[in-house]
Amino acid sequence: MALENDERQAFLAEPHIAGLSIEAGPDRAPLAVPMWYQYTPGGDIWFLTGTESRKMRLLRQAGRATILVERLTPTIRYVSVSGPVSRTVEGTKADIEELAARYLPPEQVGPYVEFATGDHGAQTKVFLTPKQWVASDLGSL
């Protein structure tokens, strides 16, 4: 069953791990990687990636991407969203903290942020504007 606009936006706003897919060139399959993201219904999706990473290079070249989120219980449901990269800004420690708090238990946020700020290098905050949606709830198959 197709999801209504408010249902798909509410589902995307939940803290799922997303699969990010970016065109990788004419002779290559798309790059597909898991990632943490943030989304508020009606707004842009944002995520962090290494400023010098392959993901960031491909995002600059393609200018667009797709994310896919899914769950298996209580019903099989997914949302796939594609759209242009609308802007990029320098990622901050506060951005890392926000994502970590979305996905980790409170006691793990501080240690993760300390690790990430020391290990991951410069980060870019990427904003993706949802343009194309594919969403469904397949029920409990």
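E52 sits in the loop between strand 4 and helix 2 of this predicted model. With 67% relative accessibility, E52 is over the 50% cut-off and therefore counts as exposed. The C-alpha atom of E52 is 8.3 Å from that of Q123, although 71 residues of chain lie between the two positions.

T51 belongs to the loop that links strand 4 (45-50) with helix 2 (54-62). Is T51 buried or exposed? T51 is buried, because its relative accessibility is 17% and the cut-off for burial is under 20%. The side chain of T51 forms a polar contact of 2.9 Å with the side chain of T124. Setting aside residues within four places in sequence, T51 also touches other parts of the chain, among them M56, R60, A122 and Q123.

T129 lies in the loop between strand 7 (123-128) and strand 8 (132-139). T129 counts as buried because its relative accessibility is 17%. Which side chain makes a polar contact with the side chain of T129? The partner is D44, at 3.0 Å. Beyond four places in sequence, T129 touches D44, S82, G83, P84 and S86.

**Two prolines**

P30 is placed in the loop between strand 1 (18-22) and strand 2 (31-35). P30 is exposed, because its relative accessible area is 51% and the cut-off is over 50%. Apart from residues up to four places away, P30 is in contact with S21, I22, E23 and A24. The C-alpha atoms of P30 and T129 are 19 Å apart, with a separation of 99 residues along the chain.

P74 is in the loop between strand 5 and strand 6 (76-90). The peptide bond leading from T73 into P74 is cis, and its omega is near 0°. Most peptide bonds are trans.

**A strand residue**

L68 is part of strand 5 (residues 64-71). L68 is partly exposed, because its relative accessibility is 40%. The C-alpha atoms of L68 and A135 are separated by 9.5 Å, and the two residues are 67 apart along the chain.

The C-alpha separations are collected here.

| Residue pair | Separation along the chain | C-alpha distance |
|---|---|---|
| L68 and A135 | 67 residues | 9.5 Å |
| P30 and T129 | 99 residues | 19 Å |

**A helix pair**

Two packed helices are described by the angle between their axes and the distance between the axes. Helix 3 (residues 93-103) and helix 4 (residues 106-119) have axes that come within 9 Å. The axes cross at roughly 135°. Helix 3 and helix 4 are therefore oblique to each other. Their crossing is right-handed.

Which residues of helix 3 meet helix 4? They are K93, I96, E97, A100 and A101. On the helix 4 side, the residues are V109, Y112, V113, A116 and T117. By class, the contact of helix 3 with helix 4 comprises seven nonpolar residues, one polar residue and two charged residues.

Note on methods:
Residues are numbered from 1 along each chain as its sequence is written. This is a predicted model: local features need pLDDT of at least 70, side-chain atom pairs count only at pLDDT 80 or more; totals for chains, interfaces and linings use all residues. Side-chain values use heavy atoms; hydrogens and water are left out. Axes are lines fitted to C-alpha atoms, for helices over the stretch in contact, and angles run from 0 to 180 degrees between N-to-C directions. Helices (H or I, at least four residues) and strands (E, at least two) are DSSP runs, numbered from the N terminus. Angles under 35 degrees count as roughly parallel, over 145 as roughly antiparallel, 65 to 115 as roughly perpendicular and the rest as oblique. A crossing is left-handed if the near helix is turned anticlockwise from the far one by less than a right angle, and right-handed if clockwise. Contact means heavy atoms within 4.5 Å. Ala, Val, Leu, Ile, Met, Phe, Trp, Tyr, Cys and Pro count as nonpolar, Asp, Glu, Lys and Arg as charged, and the others, Gly among them, as polar. Buried means under 20% relative accessible area, exposed over 50%, partly exposed in between (1.4 Å probe, protein chains only). A polar contact is a pair of N or O atoms within 3.5 Å; within protein, one must be able to donate a hydrogen and the other to accept it, and residues adjacent in sequence count only if both atoms are side-chain atoms.
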